[in-house]
Structures are given as C-alpha cells and as structure tokens.
Amino acid sequence: MINNNQTLRLIDANLNRLKEGIRVIEDIFRYSFNDKNTALKLKSLRHLCRVENYLEVLASRDVKNDVLRESIKSEQNRDDLNSILIANFKRAQESSRVLEELTKLTSIKTSENFKYIRYELYNLEIVLTNITSNSK
C-alpha cells in the first residue's frame, strides 16, 4: 500500500472527481433522455471506480487546505446540456488517467482498471455527445 499522504490525497481527489464526472453524465442520460441502457452502462462504470485502500485514502482528505478550491471562470460557465456533458467527460477522463498512473505504485491490476474506464469514457464520449448535440 501507499503510505505517502500526499499521494493518497491525490488518489482521493481524483477518485471523487472521476465518480462525480461519471455521475453527472449518468444523470443526464437517466433523467433528461430517459435512456436506461446508457445510464446503466455509466452506473456500472462508476461502480468500477474504487481502490482497495479506501479508508486510508479517505483519511488523507484535506478539503480545507485545497489551494484550488475556488472555481475559475471557465468552470462556472456552461451554455447547454451538451457543454455540461463534454466538461464532465473531460473531468472523468483526466481523473482516470491520473489514477491509472498513481495506482501503478501499488497495483498493476488497479491501474489497468482505471485505464479500462478511461478508454470506455473515450468511446462513450463520441456516441453520447452526438446524441446531446443533435437534441438541441
């Protein structure tokens, strides 16, 4: 297991970011499009977002001292559902890449899991952004 608190904090932040990004996409397809199959696919992908040392990771959380806690302008502006979808795909993809790299320190299997999630998100992004951009 990783003992470095800073690395654990990185994992915690990116695990949260990954799950949150997927959840936003999932909810768009669940509630706005009533697309059960897509929502289920995203839900199962979100449930793959885990690490074995969760309690240790959770203990490293330090929201109070997050130096970039405040939102920047580009994070506050969204034009439509499609822009929200794209922003959350990017958020989830970037986080899965960080997790893929960091978990190489402890488990190639876990690292490969995050790589799988990332590539699934790349594929889903193509299909799902076409759906939302055509629904305008």
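Trainee: Why is T129 called buried?

Mentor: T129 has a relative accessible area of 14%. Buried means under 20%, exposed over 50% and partly exposed in between, with a 1.4 Å probe and protein chains only, so T129 counts as buried. This is a predicted model, in which local features need pLDDT of at least 70 and side-chain atom pairs pLDDT 80 or more, while totals for chains, interfaces and linings use all residues. Residues are numbered from 1 along each chain as its sequence is written, and side-chain values use heavy atoms, without hydrogens and water.

Trainee: Where is T129 found, and which residues does T129 touch?

Mentor: T129 is found in helix α6, a helix being a DSSP run of H or I with at least four residues, numbered from the N terminus. Not counting residues up to four places away in sequence, T129 touches N82, L85, I86, F89 and L124; contact means heavy atoms within 4.5 Å.

Trainee: What lies 2.5 Å from a polar atom of the T129 side chain?

Mentor: The backbone oxygen of E125 does.

Trainee: Which residues touch the most other members of the largest nonpolar core?

Mentor: L18, I22, I117, L121 and L128 do, in a core of 23 residues. Such a core is a set of buried Ala, Val, Leu, Ile, Met, Phe, Trp, Tyr and Cys residues joined through side-chain atoms within 4.5 Å. Its largest share, eight residues, comes from α1.

Trainee: What does I22 contact beyond its neighbours within four places in sequence?

Mentor: The contacts of I22 are L42, R46, C49, A92, I117 and L121.

Note on methods:
Helices (H or I, at least four residues) and strands (E, at least two) are DSSP runs, numbered from the N terminus. A polar contact is a pair of N or O atoms within 3.5 Å; within protein, one must be able to donate a hydrogen and the other to accept it, and residues adjacent in sequence count only if both atoms are side-chain atoms.
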